[in-house]
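Okay, thanks for coming, everyone. Let me put the structure up, and then I'll talk you through a few spots in it.

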Amino acid sequence: MQETLQKYLRAFEKLRIDRAHGIAPHKPILLLSILQTFQIGINNSQRIYISPELVALFKSNWSLLVISNHDCRFALPFYHLTSDKFWKLIPKPGFENILQLSASLRSFANLNAAVDFAVTDEDLLALMNDKKVMEYYSSFYWINTSLKLNAILVIRQVGIKNYLMILRIKF
């Protein structure tokens with residue numbers, strides 16, 4: 001289990017992130033939101049659906065953690081996580097070919113119409129269903145390495161204790 005945990009910590013630290021306009025926080029925020037769906041019991045399946053709960057967590061985490069000028073766009077990371085190898089999109093019937101056209105899935109409406117769900121690697125699912133691992137994943141270390149300066153600036157504004165309370169981490 002420890003080896004698998006290290007594998008995904010490295011993968012999350014090395015996410016393929018757009019850096020054209022500063023470090024884009026979309027993928028880390030989506031991953032944090034997905035981890036929270038497991039932590040609070042909304043999901044325990046390998047299938048990650050575009051649900052109102054996941055979108056709400058994404059928007060909430062975005063408003064709490066992102067201080068850059070990036071736009072809060074759920075569709076972008078949900079599609080582009082496929083470049084990080086542990087994430088695969090499963091299209092709805094009749095939309096199999098549209099997944100090859102990333103420009104077609106830039107909007108939430110198009111993504112929701114074309115994608116049935118995403119599937120994670122099985123070993124990542126096992127980690128997400130482990131309560132102790134979940135606390136570690138969603139801890140300050142993960143946020144700090146994934147969001148870099150954004151998290152540090154938020155911590156400076158609200159303090160580490162309040163920051164961990166925001167993330168629902170018990171200490």
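Quick housekeeping. This is a predicted model, so local features need pLDDT of at least 70 and side-chain atom pairs count only at pLDDT 80 or more, while totals for chains, interfaces and linings use all residues. Residues are numbered from 1 along each chain as its sequence is written, and side-chain values use heavy atoms, with hydrogens and water left out.

So, the helix pair. Helices here are DSSP runs of H or I with at least four residues, strands are runs of E with at least two, and both are numbered from the N terminus. The axes of α2 and α3 come within 9 Å and cross at roughly 125°. Those axes are lines fitted to C-alpha atoms over the stretch in contact, with angles from 0 to 180 degrees between N-to-C directions. That makes α2 and α3 oblique to each other; under 35 degrees would be roughly parallel, over 145 roughly antiparallel, 65 to 115 roughly perpendicular, and the rest is oblique. On the α2 side, the contact involves residues including His26, Leu30 and Ile34, and α3 brings in, among them, Leu54, Phe58 and Trp62. Contact means heavy atoms within 4.5 Å.

Now, where does His26 sit? It's in helix α2, residues 26–39. His26 counts as buried because its relative accessibility is 10%; buried is under 20% relative accessible area, exposed is over 50%, and partly exposed is in between, using a 1.4 Å probe and protein chains only. The His26 side chain reaches the backbone oxygen of Asp71 at 2.8 Å. Beyond four places in sequence, His26 also touches Phe58, Trp62 and Arg73, among others.

Leu31 and Phe58 are 27 residues apart in sequence, with their C-alphas 8.8 Å apart.

On to the core. The largest nonpolar core has 38 residues, and Phe74, Phe78, Phe86, Trp87 and Leu111 touch the most other members. By nonpolar core I mean buried Ala, Val, Leu, Ile, Met, Phe, Trp, Tyr and Cys joined through side-chain atoms within 4.5 Å. α2 gives the most to this core, 7 residues.

Last one: Lys85, in the loop between α4 and β2. Lys85 isn't a glycine, yet its phi is positive, about 70°. Buried or exposed, this Lys85? Exposed, at 69%.

Methods. A polar contact is a pair of N or O atoms within 3.5 Å; within protein, one must be able to donate a hydrogen and the other to accept it, and residues adjacent in sequence count only if both atoms are side-chain atoms.
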